[in-house]
Amino acid sequence: MVFNWFRRQHNEPSGTPSEDKQPETPAVQQTQPEPAATSTAENATDVAVDLLAYAKAAYKNIQQRQQADEQSETLSDEATTETSQLKEVTETPQPQEEKSLEDKEDKEVFLSQPTTDDQTQAELSVAPLEQATAEAQEVENSPSPLEIRGDGELGTEEGVATEPTVITNEETQRAVPTTLSFLEKAAAERQAKQERLIASAIAEPEPEVVQPAATTTSRQEQEEIPGFAFDEGFLWSTEVLAAQGRRPEDISLEEITWLKKLRQGLDKTRRNILNQLKAIVGQGPLNLAAVTEIESLLLQADVGVEATDYIISTLQKRLRQEALPPEEGIAYLKSILRDMLDTPIQKSGKLSSFAPEKETLNIWLMTGVNGVGKTTTIGKIAHLANKSGYKCLIGAADTFRAAAVEQVKIWGQRSGVEVIANPAKNADPAAVVFDAISAALARETELLLVDTAGRLQNKKNLMDELSKVRRIIDKKAPNAKVESLLVLDATLGQNGLRQAEVFSQAAQLSGVVLTKLDGTAKGGVALAVVQQLGLPIRFIGAGEGVEDLRPFSSYEFVEALLSG
Ligand SMILES: Nc1nc2c(ncn2[C@@H]2O[C@H](COP(=O)(O)OP(=O)(O)OP(=O)(O)O)[C@@H](O)[C@H]2O)c(=O)[nH]1
């Protein structure tokens with residue numbers, strides 16, 4: 001079953017994701033951690049233990065999938081090597097001076113009847129392959145130095161522990177009589193080595209001193225997935241996914257990597273505001289000094305005046321009713337931010353997950369000024385679409401700048417998606433859109449991503465061009481589901497929002513993509529976007545790589561911004 005990266009759930013066998021399987025905005029509210037005031041120290045420990053067990057299970061699953069992938073890769077590599085070696089030997093038997101003609105004939109006969117039981121001299125010609133299989137088996141059979149049992153404890157299998165056997169070439173050679181012919185000697189050596197391998201495969205390692213589960217497991221796990229540690233970032237990411245009702249077996253390496261990246265991107269903003277906010281909201285109703293301090297913290301984080309005012313007044317209302325301990329105050333603040341981020345979607349009555357509709361032509365117009373990451377975003381969305389099983393196409397309608405077409409073509413190659421472009425210089429963007437829609441209809445494309453020009457002389461030109469493109473779409477694909485997404489560079493803060501206002505008048509925008517959250521961006525700009533533009537954020541980008549973009553989740557974003 002294909003994983004739908006837009007909806008973040010598996011597609012049904014029909015290819016259509018089940019809307020009912022998981023709530024659109026996953027059970028965040030219900031699964032929010034209990035407020036500190038009502039939870040006892042004991043159940044806090046229980047929650048921590050549960051989360052640790054959950055994280056371990058998720059890590060183990062990722063690990064197993066990685067190993068399975070590696071094994072299948074190795075096996076297919078081996079199979080390829082085996083086939084090519086056999087082919088080579090069969091097709092072009094190399095004459096060897098020291099071997100008799102008889103030997104060579106034997107070899108050819110054996111290769112054409114590889115299942116014979118008798119060990120002929122010719123068998124040795126495939127020894128490396130058999131050896132490889134035996135070695136693979138050895139890896140499979142040999143116990144890992146420290147096993148995690150089903151009960152989560154660490155231990156070894158029952159039985160007498162013996163030192164793992166190390167086989168040296170010298171030892172193997174010593175066991176073989178020297179009076180044998182070269183080929184016989186090789187066969188005997190191989191046999192001896194195999195016997196030693198089998199013996200070592202069932203040998204037990206020295207019993208380990210059992211360490212406390214958490215520390216030993218994490219150390220072992222750290223060693224087992226190269227470059228992917230069972231660390232604080234992993235724990236935080238799994239906690240965020242657990243809170244959204246995800247099962248440990250469904251969690252992928254990509255999701256963890258993404259969440260860690262997002263959190264890292266917002267690290268600076270979080271460090272700048274979190275502790276101070278905690279201290280202020282934990283002091284009861286906000287006095288003037290507290291209001292001024294929160295205001296300055298939020299404005300520095302690019303939240304913008306409008307959104308800052310809203311946050312403070314909503315917070316104040318609650319704090320006047322009851323005093324909240326710091327943790328609970330932050331939990332309440334998080335809920336305000338989530339509500340703000342989700343409001344545009346709720347108002348529009350649309351689904352909170354944003355995905356192309358299957359078996360329908362979806363046209364997503366990507367707009368935004370040059371340099372904000374529009375082309376990169378198109379490439380990343382195309383990659384997500386491809387991975388999620390959608391038929392995707394890109395229309396290179398940013399003809400204003402010649403290099404833009406070339407750039408989008410490169411992203412098309414990177415994401416494995418075809419690009420429709422017009423080679424003529426300064427081609428009419430509407431004509432490119434026309435061609436792209438024709439191609440999309442002919443190929444039953446489900447998602448057509450259209451790159452549009454951002455750098456036009458003035459607002460009127462921009463408006464004219466975008467309206468022309470919309471007219472073509474309405475005429476040529478009246479049933480298509482059209483979205484117009486504005487790409488905004490988060491590092492530009494309030495300046496970016498001013499550009500956004502121009503586009504929102506010109507392009508009938510339906511959503512925003514926020515890019516470069518991995519850089520110097522202050523995450524608060526997301527709140528300014530929804531408050532000032534009234535548009536939902538649909539995707540966020542946090543890096544230049546093809547995997548560095550994901551559908552926006554208010555829950556994940558706010559956790560990355562405000563969880564300590
Ligand atoms: N750090 C970071 N860089 C990004 C991100 N998205 C895009 N970029 C970089 O921003 C630069 C501009 O990106 P483009 O995709 O070319 O932007 P554009 O809006 O298409 O602009 P033009 O190419 O001029 O049309 C490139 O160097 C990208 O690698 C992001 O999420 N994080």
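## Strands 9 and 10 and their neighbours

Strand 9 and strand 10 (residues 511-515) run parallel and are joined by five bridges, where strands are DSSP runs of E with at least two residues, helices are DSSP runs of H or I with at least four residues, and both are numbered from the N terminus. Two strands are said to pair if DSSP finds at least two bridges between them. Within this pairing, Val487 has Val513 in strand 10 as its bridge partner. This is a predicted model, in which local features need pLDDT of at least 70 and side-chain atom pairs count only at pLDDT 80 or more, while totals for chains, interfaces and linings use all residues. Residues are numbered from 1 along each chain as its sequence is written, and side-chain values use heavy atoms, with hydrogens and water left out.

Strand 9 (residues 481-489) is largely enclosed by the rest of the structure, because seven of its nine residues are buried; buried means under 20% relative accessible area, exposed means over 50%, and partly exposed lies in between, with a 1.4 Å probe and protein chains only. Strand 9 is also joined to strand 5 by six bridges, and these two strands run parallel. One of the pairs is formed by Trp364 and its bridge partner in strand 9, Glu483.

## Strand 8 between two parallel partners

Strand 5 (residues 362-367) also runs parallel to strand 8, with five bridges joining the two, and here Met366 stands opposite Asp451 of strand 8. Strand 6 (residues 392-397) is likewise parallel to strand 8 and is joined to it by six bridges, among them one that makes Leu447 of strand 8 the partner of Cys392.

Strand 8 (residues 447-452) is mostly covered, since six of its six residues are buried. In a regular strand the side chains alternate between the two faces of the sheet. Both faces of strand 8 are covered, with Leu447, Leu449 and Asp451 buried on one side and Leu448, Val450 and Thr452 buried on the other.

## The surroundings of the ligand

There are 18 residues around the ligand, and those that come nearest are Gly371, Thr375, Thr376, Gln407 and Glu544; a residue is near a molecule if one of its heavy atoms lies within 4 Å of it. Helix 14 (residues 374-387) gives the most to this shell, contributing four residues. Sorted by class, the shell has three nonpolar, eight polar and seven charged residues, where Ala, Val, Leu, Ile, Met, Phe, Trp, Tyr, Cys and Pro count as nonpolar, Asp, Glu, Lys and Arg as charged, and the others, Gly among them, as polar.

## His383 and an annotated stretch

His383 is found in helix 14, and it counts as buried because its relative accessibility is 13%. A polar contact of 3.0 Å joins its side chain to that of Glu547; a polar contact is a pair of N or O atoms within 3.5 Å, and within protein one must be able to donate a hydrogen and the other to accept it, while residues adjacent in sequence count only if both atoms are side-chain atoms.

In an unreviewed entry, UniProt lists residues 536-549 as "domain: SRP54-type proteins GTP-binding"; its positions are given in the numbering used here, feature names are shortened, and annotations may be inferred rather than shown by experiment. Over residues 536-549 the chain is 0% helix and 43% strand, with its end C-alpha atoms 16 Å apart.

## Two loop residues with positive phi

Glu359 has a phi near 55°, a positive value in a residue other than glycine. Glu359 lies in the loop between helix 13 (326-348) and strand 5, and it counts as exposed because its relative accessibility is 67%.

Glu444 has a positive phi of about 55° although it is not a glycine. The loop that holds Glu444 lies between helix 16 (429-442) and strand 8, and at 55% relative accessibility Glu444 counts as exposed.
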